[in-house]
Amino acid sequence: MAGEDYEALALAALGWLVDSATPTEAGLAWPWRRNGDPDPSLYRGAAGICFALLEARRAGPRLDRAEDDYGDLALRTARQLSRHVDEVGQRHCGLYLGLTGLAVALHAVGEVLGDDASSSEARRALDLVRSRFDGERWGEQFELLGGNAGIALGALQVGDDDPASGRR
């Protein structure tokens, strides 16, 4: 397959991804399955899509629609993710399926786009994660997807080398 073919496939995938967004009052959301509820997670939802949009922005392809660009779409997605911080924080702290993943995505949007609101929400999300530490762990799981290992790695990604402490 020639390089142009790969680029065309990538652009088509990005177009499909953008077209599958659900506009909300706050920004953009993505369902994890057709006609499903929006999912903010890193694993199968909007937090993970933020990274694809930021990478597309860095790589430089443009959407067919002149009014949108990938940075704007990532920012709109971050606005919606911010709405989920408290809700997700009550359920799960994990990296791929919980609040730490939201913090990592919001931090990335803040860093790449210079958006102070996203950076602030990332810190708030990680503070909630920190508050859920019981002195020994965040939960029963210890693996990467939903457990303590992922929380520690996510915290490192946003510059927090001691998420179990009471300080930043």
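Mentor: Gly-154 has a relative accessibility of 2% and therefore counts as buried; buried means under 20% relative accessible area, exposed means over 50% and partly exposed lies in between, with a 1.4 Å probe and protein chains only. The model is a predicted one, in which local features need pLDDT of at least 70 and side-chain atom pairs count only at pLDDT 80 or more, while totals for chains, interfaces and linings use all residues. Residues are numbered from 1 along each chain as its sequence is written, and side-chain values use heavy atoms, with hydrogens and water left out.

Gly-154 belongs to helix H6; helices (H or I, at least four residues) and strands (E, at least two) are DSSP runs numbered from the N terminus. Leaving aside residues up to four places away in sequence, Gly-154 touches Leu-95, Thr-100 and Val-104, where contact means heavy atoms within 4.5 Å. Its C-alpha atom is separated by 9.5 Å from that of Leu-102, 52 residues apart along the chain.

Thr-100 is part of helix H4. With a relative accessible area of 0%, Thr-100 is buried. Beyond residues up to four places away in sequence, Thr-100 touches Cys-93, Gly-94, Leu-95, Val-129, Gly-150, Ile-151, Gly-154 and Ala-155.

Glu-143 sits in the loop between H5 and H6. At 35% relative accessibility, Glu-143 is classed as partly exposed. Again not counting residues up to four places away in sequence, Glu-143 touches Asn-148, Ala-149 and Gly-150. Between Glu-143 and Leu-95, 48 residues apart in sequence, the C-alpha to C-alpha distance is 9.9 Å.

The largest nonpolar core has 39 residues, of which Trp-30, Leu-53, Tyr-70, Leu-81 and Val-129 touch the most other members; such a core is a set of buried Ala, Val, Leu, Ile, Met, Phe, Trp, Tyr and Cys residues joined through side-chain atoms within 4.5 Å. Helices H1 (3–19), H2, H3, H4 (99–113), H5 and H6 (148–157) each contribute at least two residues to this core, and the largest share, eight residues, is from H4. Leu-81, not counting residues up to four places away in sequence, touches Pro-40, Ala-46, Ala-47, Cys-50, Leu-102, Ala-105 and Leu-106.

Leu-81 also takes part in the packing of H2 on H3. The axes of H2 (residues 46–59) and H3 come within 8 Å and cross at roughly 160°; axes are lines fitted to C-alpha atoms, for helices over the stretch in contact, and angles run from 0 to 180 degrees between N-to-C directions. H2 and H3 are therefore roughly antiparallel, since angles under 35 degrees count as roughly parallel, over 145 as roughly antiparallel, 65 to 115 as roughly perpendicular and the rest as oblique. By class, this contact of H2 with H3 has eleven nonpolar, two polar and one charged residues; Ala, Val, Leu, Ile, Met, Phe, Trp, Tyr, Cys and Pro count as nonpolar, Asp, Glu, Lys and Arg as charged, and the others, Gly among them, as polar.

H3 (residues 70–91) also packs with H5 (residues 116–131), at an angle of about 25° and with the axes 10 Å apart. H3 and H5 are therefore roughly parallel to each other. From H3 the contact draws on Leu-75, Ala-78, Arg-79, Ser-82, Val-85 and Asp-86, and from H5 on Ala-117, Ser-118, Glu-121, Arg-124, Ala-125 and Leu-128. By class, the contact of H3 with H5 has six nonpolar, two polar and four charged residues.
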